[in-house]
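Q: Could we go through the pockets of this model together?

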Amino acid sequence: MTLDTDVQQDAEAPPKDVLFYVLNSTAPEKRERFLSKLLNKIQSEKRQADVRFENEQEALRYDLTLWDFQPHSFIVHSVQGELPAPIQLYGEQIERPCKDVLINLHPLFPQTFESYQRTIEILDQTDYLVQMGRERWKAYKAKGIEPKVHKIGFD
């Protein structure tokens, strides 16, 4: 393979898609409810997703929440890749990226975002999340990505 071939293959790769969902709330449970709805949609589209939390304890806590999301339907998931499942919940480190969708709930920029076709950031109106979201926005822009913003619950 030559350098020209490598450049041509990169040019043919679909552009990375980065979405910021900004919720009109400061309640953590509303952010998690939105995440659950998003995971339900990802599952219905037969896609895969890795969810990156700030730490493994947050992933384990959300795992319990996800079991109760819709009692009549189950979102097939696992924590830290313990079982094969289309949706994986991780702490800070993602060992085996699914390469489809990354949902970043960690306040820091996901260095591995380029491994994924789509990266989703979910923010609410807490000062810390807004501030850290702005930093991640700048980091995506510095990498040549133009994120799209979807405001949820604003009039």
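Predicted model: local features only at pLDDT ≥ 70, side-chain atom pairs only at ≥ 80, totals over all residues.

Q: How much space lies in the largest pocket?
A: The largest pocket holds about 300 Å³ of space. Its lining comprises 15 residues, and those closest to the centre are Arg31, Glu32, Glu58, Arg61 and Leu105.

Q: Which helices supply at least two residues each of that lining?
A: They are α2 (28-44), α3 (56-67) and α4 (127-142).

Q: And which element gives the most to the lining of the largest pocket?
A: That is α2, with four residues.

Q: What about the lining by class?
A: In the largest pocket, seven lining residues are nonpolar, six are charged and two are polar.

Q: Changing topic, how much space lies in the second largest pocket?
A: The second largest pocket has about 180 Å³.

Q: Which residues line the second largest pocket?
A: The lining consists of Leu19, Tyr21, Phe34, Lys37, Leu38, Lys41, Ile42, Glu45, Arg47, Val101, Arg118 and Ile120. Two or more of the lining residues come from each of β1 (17-23), α2 and β6 (118-123).

Q: How does the lining of the second largest pocket divide by class?
A: For the second largest pocket, seven lining residues are nonpolar and five are charged, with no polar residue.

Methods:
Residues numbered from 1 in each chain as written. Heavy atoms only, no water. 1 Å grid on protein atoms, 1.4 Å probe; cavity = no way out; pocket = protein on both sides within 12 Å on 5 of 7 lines; lining within 4 Å. Points joined across faces, edges and corners; volume = space filled by probe spheres on them. Nonpolar A, V, L, I, M, F, W, Y, C, P; charged D, E, K, R; others polar.
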